[in-house]
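Welcome to this short tour. Please open the structure in your viewer, and let us walk through it one selection at a time.

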Amino acid sequence: MIKIKKNKLNINLLNNGAVSDIFYDQIKINQVSGNNLDGGLQNFYFRVQEKGQTRYFRLIDADNLTEVNYSNDLISWQGEKNGIFYRLNLYIGNRSWFWEANITSSTKFDKADLFFVQDLGLGEESFVSSNEAYASQYIDNFVSQLDKTIIVGSRQNQSQQGRNPYLQIGSFSDLSAFSTDAYQFFGKRYVTTGIPAAMENDRLPSVNLQNEANLIVLQKRFVSSESLSTKSIVFYSSFCSDAKGENDHLIFDQDDLRKEFRQLKDKKIEGRSKLKLLKRKTNLSFKPVETEDFTNDEINNIFPARLQEEEYHGRLLSFFTDQNDHVVTKYKEELQTRPTGNIILAGSDIVPGKAILATTQYMSGVFSSQTVFGNTNHNKFSSNLRGPLNFFKMQGMHIYLKSDKDYQLLSTPSLFVMSYNSSDWYYKLKNDVLKISADASAFDQSLHFKILSLTNKTYDLLITENIIMDSVEGQNSVDKIFSKDGRIFFYPGKKSLMKKFNKNLSFSTILPVMMIPKSLQAMNLSFLLKI
């Protein structure tokens with residue numbers, strides 16, 4: 001990670017070219033830290049519409065980038081995707097930063113849109129990262145619209161050491177629409193399709209929605225391919241440490257910001273370095289595997305005894321079984337704004353003060369996350385989810401299924417079954433049904449994972465999990481030992497809180513011999529995690 005510092009403004013640049021974090025002094029501007037697998041929420045999306053077809057891509061994406069250079073005053077990205085060439089310049093001021101986008105196309109199109117996306121935390125890092133939804137719901141947005149000028153001023157109303165941080169986001173170009181919440185941009189079905197809803201809609205809703213996932217998005221429209229190369233598009237962010245009074249006006253003047261931008265752009269840049277881009281060696285596709293809905297007859301065969309059936313517009317949403325299991329359909333998950341999840345606990349006797357192994361599971365293909373033994377802060381084996389839309393695949397356990405060209409994500413299943421100490425994911429594919437089970441043992445402190453093909457087909461799988469062995473992600477607090485019998489032992493790092501409070505604690509993963517060393521080629525597969 002490259003750390004770029006300009007007075008009190010700090011920008012962390014990942015090796016894959018993405019911006020991980022933006023800090024002003026102790027205040028974290030963005031909400032969720034990026035990583036080298038997913039990149040970050042902060043990005044630019046470019047969409048082209050031609051002859052009824054729509055295609056889009058992210059500008060800050062290692063797969064599209066060709067070169068990244070940086071200094072303390074300027075970061076620049078260059079890339080290409082399907083004949084569309086672009087350059088991004090990020091000019092860094094003392095408390096303001098300016099994005100300049102230049103895009104050209106070798107082919108003609110009917111119209112195109114550029115979306116500037118910035119997630120907001122606006123709080124001390126511990127405050128934001130301990131509960132992103134809590135931090136977000138205290139952010140108040142003031143939207144100023146005059147003709148085609150759209151500016152958003154966002155204020156953190158939860159006091160941060162007696163101050164209320166504020167960020168103003170706008171553009172020097174005409175804009176067509178805006179949104180302020182992740183659900184407006186990504187949509188509820190993102191966990192199923194992997195496609196942001198904004199890419200399928202003509203315009204953003206231009207409604208100030210303030211919920212638990214503050215995400216400012218500004219939309220710029222181009223009416224033709226010729227209009228791309230006429231001039232650059234500039235977006236800005238300007239930070240105020242303490243916004244006094246009500247958030248009912250803009251703090252920064254557009255003319256003053258234009259002047260600052262010109263000064264930064266005219267400044268001679270020295271000492272630039274070239275980033276060695278980190279690209280994935282394995283072809284991972286975050287577009288989920290397509291699953292089908294079960295018919296009523298198929299559901300009857302799997303669950304013949306159903307109780308308390310819930311329906312909506314004649315379609316089954318959920319029900320209970322005679323074994324007290326709760327079953328949710330994919331259709332219901334796509335209607336909800338909160339993800340369906342389950343917490344499972346190992347052991348049979350739950351005594352206050354006695355440490356137990358636990359993990360959190362989500363219907364959207366997160367087979368375990370925040371796996372802990374006892375204390376949920378420093379005895380943490382794996383990371384927890386940082387948002388309801390499953391945008392970050394680095395967090396939690398995910399499984400990818402090999403297709404012709406790449407590995408595709410197993411995301412929202414056809415059915416999700418929750419019980420006291422286990423969960424099942426049923427994926428109805430074209431010619432098969434995959435059943436993935438994650439159980440907590442009643443006899444010892446262990447978790448069991450099983451993957452079953454109901455037609456006994458063989459699949460090539462890739463399983464990922466972000467193992468942290470500490471209270472905070474990204475601290476490199478993992479020591480591991482691999483043994484020949486298929487067991488991997490994970491020990492906490494010497495400086496971790498886990499080592500400090502539980503010096504003898506370790507986690508181990510037991511894999512079947514056929515999974516060594518690649519965790520692939522499995523028909524009916526099982527493995528377990530234990531302490």
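Which residues are linked in a network of salt bridges? Select R47, K111, D113, D202, R203 and R221, and you have the members of that network on screen. As you explore, keep in mind that this is a predicted model.

**Stop 1: inside the network**

Colour strand β5 (residues 43-50), where R47 lies, and strand β11 (residues 111-119), which holds D113; the pair ties together parts that are 66 residues apart in sequence. Are D113 and R47 buried or exposed? Both D113 and R47 are buried.

**Stop 2: a strand and a helix**

Next, select E100 and K265. Here the closest N and O atoms of the salt bridge are 2.6 Å apart. E100 belongs to strand β10 (residues 96-105) and K265 to helix α5 (residues 254-266), so this contact ties together parts that are 165 residues apart in sequence. E100 is buried, because its relative accessible area of 3% is under the 20% cut-off. K265 counts as partly exposed, because its 39% falls between 20% and 50%.

**Stop 3: a loop and a helix**

Move on to R189 and E334, whose side chains meet in a salt bridge with an N to O distance of 3.5 Å. R189 sits in the loop between α3 (182-186) and α4 (190-193), while E334 is in helix α7 (residues 330-335); this pair links distant parts of the chain, 145 residues apart. With the surface still on, you will find R189 partly exposed, at a relative accessible area of 44%, and E334 buried, at 14%.

**Stop 4: a sheet of three strands**

Finally, hide the side chains and show the cartoon for β24, β25 and β26. These strands form an open sheet in the order β24-β25-β26, with antiparallel pairing. At the edges are β24 (341-345) and β26 (366-373), each pairing on one side only. Neighbouring strands here are turned by 20 degrees against each other on average, direction ignored.

Zoom in on β24 and β25 (residues 357-362), which pair in the antiparallel sense over five bridges. To end the tour, select I343 and look across to β25: T360 stands opposite.

Definitions and conventions: Residues numbered from 1 in each chain as written. Predicted model: local features only at pLDDT ≥ 70, side-chain atom pairs only at ≥ 80, totals over all residues. Heavy atoms only, no water. Pairing = 2+ DSSP bridges. Helix = DSSP H or I, 4+ residues; strand = E, 2+ residues; numbered from the N terminus. Axes fitted to C-alpha atoms, helices over the stretch in contact; angles between N-to-C directions. Buried < 20%, exposed > 50% of the residue type's maximum accessible area, 1.4 Å probe, protein only. Salt bridge = Lys/Arg side-chain N within 4 Å of Asp/Glu carboxyl O.
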